[in-house]
Amino acid sequence: AHSPLGNYLTSYIINPIRALKYPYPLVIVIDGLDQWPSCDALLKEFEHIPLPTPVKFILTSRFSHAIERALACVVHRPYPLPLASQELIERYFDHHFDQQGIDWRGHKPNERKIGKLACLADGLLIWAATVRSLVLRPPQGKLPHHMIDEIIMSGEEVASSTRLEQLYCGALAGLLNQESASESKYIQRMVEKFLGAIMVLQGMLSVSDFAHLSDIPESSVRLIHGHLAALRLRGDFDSNLIGPAITSYHASFLQYLQHGEGVESSVPLLFCYIRPNDHHLALGTSCLSLLKKLLRSYRGQHCPASQLLGLDQYIVQYWPLHLSEGTDRTKSLADTSLADLTSAKFFHWSTLFVSLVLPESSDKDLEFNNGSSLAEILYHLAMLIEDKGPGTLFDHLYCLEICGRLKPGVVQTWITLGDVYDKVYEAGKDPHNLDQEILVLCKALEVLTESGIESPSEGVAAISSKHEVLALIGDALCTRFQQYGRQADLDEAILKHQEALELRPSGHPDRSVSLNNLANALQIRFNQSGRQADLDEAILMHQEALELCPSGHP
């Protein structure tokens, strides 16, 4: 298991800086917190840095309730950043239009046009940066000064709140200006597939490999990738590698693609907004189809995982992630290419997969009985890579997700998956993972409730699992209440702990645990609502739990 994030923060930042014994604190700037989904985990650790601290952090972010909550117990001073001034943005344009070596062909923007651009920016540097990028890399057939004129004309026609989205829309529209309607519709479909694919892509691929994975002709990939260079704010703009969208594009562009917030009235809709789950499914299906071909090939049968490169390595490692994110837990995987893999082929994939995510493992760790099902292989694989480091946590999770879809009636899979989501939540404090923990534990409870009990021994096991699951759900709901304050979560947590207690009658070894769980939840509700009955009941529960603990119990 890996160390908590706070240990790394203390060992590699705080203590080394403290050892320098400077008479003043050093400053560390962390920019764009809102573009980091798991920033909550780091912010929570700031609470535990001992004062006085040898370092000061300057954090920049767009407004976020989640970031505000994470900083609630941290000593900090919020400073609303003012919008960039007209003069600053004019100087920004002057500098970049002079320095970038743009071929203006005698039509470099004069002071009046630069003033208009700065006015349209309305204080947003990201708007100015996007204009600079579009002018530096104009769509094919357009000249830089024509781009300036179009941006000024179209910008004056829309409200300031939608000008950034309007820039994005205009850049995408340039791709769709084809000679015929059929060509335009074709490119529109390819652009949508391209954008959806890069939004869920997990690593860097060559243009050729990306084309195979996304099922887009390579010529179309090159056309779209080259055109969208104007919207990329980071990375190598002339690279033949394609990576995850978040590494190259601004978060506002990705939000525009997914939601289109605020653009319906003034910015035309070019294609359906991107739904990541759909594109996860498309890439997952493609990965499985390519995996079958790889496992039949000489390369797939004889090359060790260390010699797999590019697309081969990608499909081996990431198909579980894409298929998990792209499918619902309630639906069967029978209609996917997964159903066509034999146990022998699946086992061979597992040896390649483990070698990639856990290079120190041995094939002996992956021995199975003849006839092991795909779900059994996956579950064993998940247990093998459990707690082997932070890099394997999500691989562990996605193997269990697929296992649950293949055999949804195995309650232990859902219980184990709930435990993994709990670890992921504790590591990053992302509320999505806490929600998923509750959902998969509720799935375990559903399986237990719906399964028939065919023998006394099975009945005992089912009841034992049921009170365990009820207690876990109650704990997770309490955590969610304490984080986000939804009263319904606390009320439901109390009900679940009451049900668990009923299944742990007098004489049950875990009865004291349930008594304390219920008492703690009731005390939380008393603190919130002031209901005396909750406090009285909590005291009785704690008293009974105390009586069940023998003398000398820790």
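Is Glu426 buried, partly exposed or exposed? At 42% relative accessibility, Glu426 counts as partly exposed. Buried means under 20% relative accessible area, exposed means over 50%, and partly exposed lies in between (1.4 Å probe, protein chains only).

This is a predicted model: local features need pLDDT of at least 70, side-chain atom pairs count only at pLDDT 80 or more, and totals for chains, interfaces and linings use all residues. Residues are numbered from 1 along each chain as its sequence is written, and side-chain values use heavy atoms, with hydrogens and water left out.

**View 1. The protein chain as a whole.** The protein chain holds 24 helices and four strands. Helices (H or I, at least four residues) and strands (E, at least two) are DSSP runs, numbered from the N terminus. Of the 554 residues, 46% count as buried. The accessible surface comes to about 28600 Å². Carbon and sulfur atoms own 53% of that surface. Accessible areas come from the Shrake-Rupley method with a 1.4 Å probe; for residues, only the protein chains shown count as cover. Now take the contacts with a separation of 6 or more: residues 24 or more positions apart account for 69% of them. Contact means heavy atoms within 4.5 Å.

View 2. Helix α2 spans residues 39-46. Six of its eight residues are buried, so α2 is largely enclosed by the rest of the structure. The buried residues are Cys39, Asp40, Ala41, Leu42, Leu43 and Phe46. They pack against α1 (5-19), β1 (26-30), β2 (55-59), α3 (65-70) and α19. Glu426 sits in helix α19 (residues 411-428). Along the chain, Glu426 and Ala41 are 385 residues apart. Their C-alpha atoms are separated by 8.0 Å.

**View 3. Helices α6 and α7 pack together.** Two packed helices are described by the angle between their axes and the distance between the axes. Helix α6 covers residues 125-136, and helix α7 covers residues 144-155. They pack at an angle of about 145°, with their axes 9 Å apart. Axes are lines fitted to C-alpha atoms, for helices over the stretch in contact, and angles run from 0 to 180 degrees between N-to-C directions. From α6 come Trp127, Val131, Leu134 and Val135. They meet Pro144, Met147, Ile148 and Ile151 in α7. The residues of this contact divide into eight nonpolar, no polar and no charged. Here Ala, Val, Leu, Ile, Met, Phe, Trp, Tyr, Cys and Pro count as nonpolar, Asp, Glu, Lys and Arg as charged, and the others, Gly among them, as polar.

**View 4. Aromatic pairs.** A pair of aromatic rings is described by the distance of the centres and the angle of the planes. Rings of Phe, Tyr and Trp (its six-membered ring) pair if their centres lie within 6.5 Å; planes under 30 degrees apart count as stacked, over 60 as edge-to-face and the rest as tilted. By this rule the count comes to 17 aromatic pairs. In one of them, the rings of Tyr92 and Phe93 have centres 5.9 Å apart and planes at 70°, so the pair is edge-to-face. Tyr92 is buried at 19% relative accessibility, and Phe93 is buried at 0%. Tyr256 and Tyr273 also form an edge-to-face pair, 6.5 Å centre to centre with 75° between the planes. This pair links distant parts of the chain, 17 residues apart. Tyr256 is in helix α12 (residues 251-258), and Tyr273 is in the loop between α12 and α13 (276-296). Tyr256 is buried at 6%, whereas Tyr273 is partly exposed at 24%. Tyr168, Tyr249, Phe253, Tyr256 and Tyr273 form one aromatic cluster.

View 5. Ser350 lies in helix α16 (residues 343-357). It is buried, with a relative accessible area of 0%. Its side chain reaches the backbone oxygen of Phe347 at 2.5 Å. His348 is also found in α16. His348 is partly exposed, at 22%. Leaving out residues up to four places away in sequence, His348 touches Leu295, Gly300 and Gln301. His348 and Leu295 are 53 residues apart in sequence and 7.8 Å apart in space, C-alpha to C-alpha.

Key
A polar contact is a pair of N or O atoms within 3.5 Å; within protein, one must be able to donate a hydrogen and the other to accept it, and residues adjacent in sequence count only if both atoms are side-chain atoms.
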